[in-house]
Amino acid sequence: MKDPELDILIDELEGREAMTVADFDAVVHALEFLLPGKTADGLTSQVIGTTDGAIHVADEAYPNWVVHIRGRANDRNGHWRCTLREGDARDNDAAIGMGRSPVLAQAILAALLRLSMILKKDERGD
């Protein structure tokens with residue numbers, strides 16, 4: 001996968017209230033590309049489409065990292081923000097993943113994809 005494809009996928013996660021199984025299949029493919037060997041076996045679109053599933057993927061990929069979730073739920077949609085950071089004590093993390101979406105699971109996945117893109121670029125030396 002190339003960065004423009006990942007950017008489009010993140011935009012979809014952040015901008016849409018409802019995603020299809022096919023949309024989440026693309027997210028699974030992106031996670032497997034960005035996090036080889038760091039995702040649990042049996043990663044499916046049904047699993048990551050839930051908040052519990054998205055948090056589980058973040059935990060598998062980045063154990064002991066800090067997950068900040070902020071938001072406001074309302075009748076029409078939520079306004080969720082998720083931040084993934086290596087530490088909570090200082091403000092000098094090498095990489096931070098941030099995501100926002102009307103759906104909490106999608107905000108978590110957007111943050112996870114952003115963080116993974118940054119760290120993958122660092123590994124390649126880009």
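The following paragraphs lead through the structure from its overall form to selected residues.

The model is predicted, and local features therefore require a pLDDT of at least 70, side-chain atom pairs count only at pLDDT 80 or more, and totals for chains, interfaces and linings use all residues. Residues are numbered from 1 along each chain as its sequence is written, and side-chain values use heavy atoms, with hydrogens and water left out.

The protein contains five helices and three strands; helices (H or I, at least four residues) and strands (E, at least two) are DSSP runs, numbered from the N terminus. Read from the N terminus, the order of the elements is α-α-α-α-β-β-β-α.

The C-alpha trace spans about 40 × 35 × 25 Å along its principal axes. A compact globule of 126 residues would have a radius of gyration near 14 Å, and the protein agrees with this because its own value is 14 Å. Here the radius of gyration is taken over C-alpha atoms, and the globule rule is 2.2 Å times the number of residues to the power 0.38.

Of the 126 residues, 41% are buried. Buried means under 20% relative accessible area, exposed means over 50%, and partly exposed lies in between (1.4 Å probe, protein chains only). Among contacts with a separation of 6 or more, 49% join residues 24 or more positions apart; a contact means heavy atoms within 4.5 Å.

The protein exposes about 7200 Å², of which carbon and sulfur atoms supply 48%. These accessible areas come from the Shrake-Rupley method with a 1.4 Å probe, and for residues only the protein chains shown count as cover. There are 14 positive and 22 negative side chains, and the centres of the two sets lie 6 Å apart. Lys and Arg count as positive and Asp and Glu as negative, while His and the chain ends are not counted; the place of a charge is NZ of Lys, CZ of Arg, CG of Asp or CD of Glu.

Helix 4 (residues 51–61) has Gly53, Ala54, Val57, Ala58 and Ala61 as buried residues. They lie on the same side of helix 4 because they cover an arc of only 140° around the axis, the arc being that of the directions from the helix axis to the C-beta atoms. The loop between helix 4 and strand 1 holds Asn64. Asn64 counts as exposed because its relative accessibility is 73%. Its phi is near 70°, a positive value in a residue other than glycine.

Strand 1 (residues 66–72) includes His68, and strand 2 (residues 79–85) includes Thr83. With 32% relative accessibility, His68 counts as partly exposed, whereas Thr83, at 12%, counts as buried. Residues up to four places away in sequence aside, His68 touches Arg81, Cys82, Thr83, Arg85 and Asp88. With neighbours within four places likewise left out, the contacts of Thr83 include Val66, Val67, His68 and Arg70, as well as Ile96, Gly97 and Met98. His68 and Thr20, 48 residues apart in sequence, are 26 Å apart in space, C-alpha to C-alpha.

Two further residues belong to the earlier part of the chain. Ala18 is located in the loop between helix 1 (3–15) and helix 2 (21–34), and its relative accessibility of 58% makes it exposed. From Ala18 to Thr50, 32 residues apart in sequence, the C-alpha to C-alpha distance is 12 Å. Gln46 belongs to helix 3 (residues 45–48) and is exposed, with a relative accessible area of 54%. The C-alpha atoms of Gln46 and Ala94, which are 48 residues apart along the chain, are separated by 32 Å.
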